[in-house]
Amino acid sequence: MQSSCSPEVHRILASLCPRGDLVEQWVMASLLQDQLTTDQDLLLMQEGMPMRKVRSKSWKKLRYFRLQNDGMTVWHARQARGSAKPSFSISDVETIRNGHDSELLRSLAEELPLEQGFTVVFHGRRSNLDLVANSVEEAQIWMRGLQLLVDLVTSMDHQERLDQWLSDWFQRGDKNQDGKMSFQEVQRLLHLMNVEMDQEYAFSLFQAADTSQSGTLEGEEFVQFYKALTKRAEVQELFESFSADGQKLTLLEFLDFLREEQKERDCTSELALELIDRYEPSDSGKLRHVLSMDGFLSYLCSKDGDIFNPACLPIYQDMTQPLNHYFICSSHNTYLVGDQLCGQSSVEGYIRALKRGCRCVEVDVWDGPSGEPVVYHGHTLTSRILFKDVVATVAQYAFQTSDYPVILSLETHCSWEQQQTMARHLTEILGEQLLSTTLDGVLPTQLPSPEELRRKILVKGKKLTLEEDLEYEEEEAEPELEESELALESQFETEPEPQEQNLQSKDKKKKSKPILCPALSSLVIYLKSVSFRSFTHSKEHYHFYEISSFSETKAKRLIKEAGNEFVQHNTWQLSRVYPSGLRTDSSNYNPQELWNAGCQMVAMNMQTAGLEMDICDGHFRQNGGCGYVLKPDFLRDIQSSFHPERPISPFKAQTLLIQVISGQQLPKVDKTKEGSIVDPLVKVQIFGVRLDTARQETNYVENNGFNPYWGQTLCFRVLVPELAMLRFVVMDYDWKSRNDFIGQYTLPWTCMQQGYRHIHLLSKDGISLRPASIFVYICIQEGLEGDES
């Protein structure tokens, strides 16, 4: 993290505010302050307005909302001049929607005018905030104002975010809001910033920064105090080891660093010069082609210095191979935003899944009132939403994050008539987005590619036949269930794939034909759902355009019993794996075990945060976050000998050395306890084939979440790096109970950069915790340590 604001910013600040009020300086020097003092919407928001806060059909209460003078937080109170408390931070807001786009407000349209309502949508899994103003004009003021602020925050670069972050800390530390900080306030600030510091040492830093000898810190003095506080000795030492004079890195010295330490083997002088131009703050340094300490630190904290390889951030993989050659980001029970027994069904589940790059969403459809099919978790108390609302939501959000195809996994429990209604809604609402015929109009010989299916929505479901939709398919037996799952799965699991008609009992009466509407059947083109009996049966009777679904229990058993057959099966046919019906709390399994066998659609309960979703999010962070990741070649070869339980050569085993060096600005676990300081440790986990799965951790650093230093090296040996995922977790050590989670970052092994790297931490919900990070050194060696080769 950069340790101070740029000299140019401070020059402007000084000219604007000679008296040195730091908060006023920072804000006045920013575009944000310009807007706060000139934009009429923001001025009115700072005065405050009454609005109705809506949580449900029965909970609608008047609250007074006001934008704080910092332009970064909104507070609310029960009365106009009552005691106020924070409502939300602008940095937590993703976007603003009007009342017509709010599922909740639409349900109250007869009572509350939609034109006066709007929704604040937050990052992560935080519930939306629905508000109704007293007039259309007031609603527009807040919608325009909030969106303006969100856009400003989004457009901030690293330095501007740091300035804003430092400004926020100053305001929190300046308890009496006089623009000055006494030593007592500084001590309180240190606790707020998660650092336990010797009082004498803290006072010495305070005195050194107090150049005016006023007994308080103002403006530039506080900047100098912060700079001393955040001095990165480990980075300074690294800088000096490559710098001949300890003051700068010449172009050749920086080039040596990039090649020797960062393992940028193909780095040229042109690239090194480009990085200097990008990260050196001084114009004179750029002209002389040298990098100062500040520039060096700025580089290390940037995307170029990140552990995640920037080359893996855009779409970089071959997108012209058949669909079955990709891992596909998939959601289970997408309509749920809570548990599977009593949770709420909402189109918000589809919006969130699609916006995070999910490309396969599930729709459980049942007969509804007035001839309109509804979506919910059957035989439970979950709420119900209209099928046509789900389809309209998919149509609106399908391609906002990714242009590659979206799969609607239909689980249809409807009558013939309501299936016809489903088909009509799909056709009319989706229009040209819906793939309703094969791409070239003839029977295909393999599945099309994501590239060929750009901006197309595919229906996965039961089909009469691909060749002739008016013929009925042969009946197939029910899939076997584990005895322990049978009772609950039959009660709660509405994924009936494969859900076929049972054969009649002993007398073997005439077979009953499945009730399947040809109009709906005809919309299933490349993704016909079929029951899985055995791998041999699939080879003999099934086609590449048919897809089988497996409960996690059955899939894991097949991997153990016939892992190589499962791998070969997945080279020519799609597989979908779904969580057990026993997971009534919407918990998740680890998707890695299923990816190891080449299963493409490993469906997750995306509404549930945790380790499993961290792995899923980390895996699909690569390749532009488009929701498709090309499988390794040994999982695409139909003759593959790979067995996920017993991997053997010719896989290129590797040894990973990770030196966990230091941490920066780690957040508190319990923000309500002002005096509590974390005792951080770093845990590194490897997920891959069973033999590669491992974890190690550092010791904990006592009472320092601000700049802890570990300096410990961890070693891992990995047989199949192509499938490995790394998860870095920072924990707060607690000898009495479980360690508390602070932050994490998960990424594929193949996207990891070597050398000195920063890992920017994410919250449980996957939201950035910037500037919180850990600083590491990564070294990968070919082969296993001790191999004769």
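Some terms as I go: helices (H or I, at least four residues) and strands (E, at least two) are DSSP runs, numbered from the N terminus. Buried means under 20% relative accessible area, exposed means over 50%, and partly exposed is in between, with a 1.4 Å probe and protein chains only. Contact, for covering and touching, means heavy atoms within 4.5 Å.

Please keep in mind that this is a predicted model: local features need pLDDT of at least 70, side-chain atom pairs count only at pLDDT 80 or more, and totals for chains, interfaces and linings use all residues. Residues are numbered from 1 along each chain as its sequence is written, and side-chain values use heavy atoms, with hydrogens and water left out.

Back to helix 22. The buried residues here are Glu552, Lys554, Ala555, Leu558, Ile559, Ala562, Gly563, Phe566, Val567, Gln568 and His569. Now look along its length: helix 22 runs over residues 552-569, which is 18 residues, yet its end C-alpha atoms are only 17 Å apart. A straight helix would reach 26 Å at 1.5 Å a residue; that expected span is 1.5 Å times one less than the number of residues. Where is the kink in helix 22 centred? On Ala562, with an angle of about 115°. The bend at a residue is the angle between axes fitted to the seven residues ending there and the seven starting there.

By a core I mean a set of buried Ala, Val, Leu, Ile, Met, Phe, Trp, Tyr and Cys residues joined through side-chain atoms within 4.5 Å. The largest one has 69 residues, and those touching the most other members are Val363, Val375, Phe387, Val394, Leu426 and Phe566. If you click on Leu426, you will find that the residues touching it include Phe387, Leu408, Val459 and Leu523, leaving aside residues up to four places away in sequence. A second, separate core has 34 residues, among them Val682, Trp710, Phe728 and Ile759.

On to the rings. Rings of Phe, Tyr and Trp (its six-membered ring) pair if their centres lie within 6.5 Å; planes under 30 degrees apart count as stacked, over 60 as edge-to-face and the rest as tilted. That rule gives 25 aromatic pairs. Take Phe203 and Phe206: their ring centres are 6.2 Å apart and their planes are at 10°, so this pair is stacked. Both sit in helix 9 (residues 199-209), three residues apart, about one turn of the helix. In general, an α-helix has 3.6 residues a turn, so residues three or four places apart point the same way. Phe203 is partly exposed at 35%, whereas Phe206 is buried at 3%. Phe535 and Phe566 make a tilted pair, because their planes are at 50°, with centres 5.3 Å apart.

Next, charges. A salt bridge is a side-chain nitrogen of Lys or Arg within 4 Å of a carboxyl oxygen of Asp or Glu, and the count is 27. One of them joins Glu94 and Lys355, with the closest N and O atoms 2.6 Å apart. Glu94 is in strand 5 (residues 93-98) and Lys355 in helix 16 (residues 347-355), 261 residues apart. Another joins Glu264 and Arg757 at 3.6 Å. Glu264 is in the loop between helix 12 (251-260) and helix 13 (269-279) and Arg757 is in strand 26 (residues 755-762), so the bridge ties together parts 493 residues apart in sequence. Which partner is buried? Arg757, at 0% relative accessibility; Glu264 is partly exposed at 24%. Asp403, Glu451, Arg454 and Arg455 form a network of salt bridges.

Finally, some backbone points. Most residues other than glycine have a negative phi, and most peptide bonds are trans. Lys263 has a positive phi of about 60°, and is in the loop between helix 12 and helix 13. Ser370 also has a positive phi, near 60°, and is exposed at 80%. The peptide bond from Arg770 to Pro771 is cis, with omega near 10°, and Pro771 is in strand 27 (residues 768-782).
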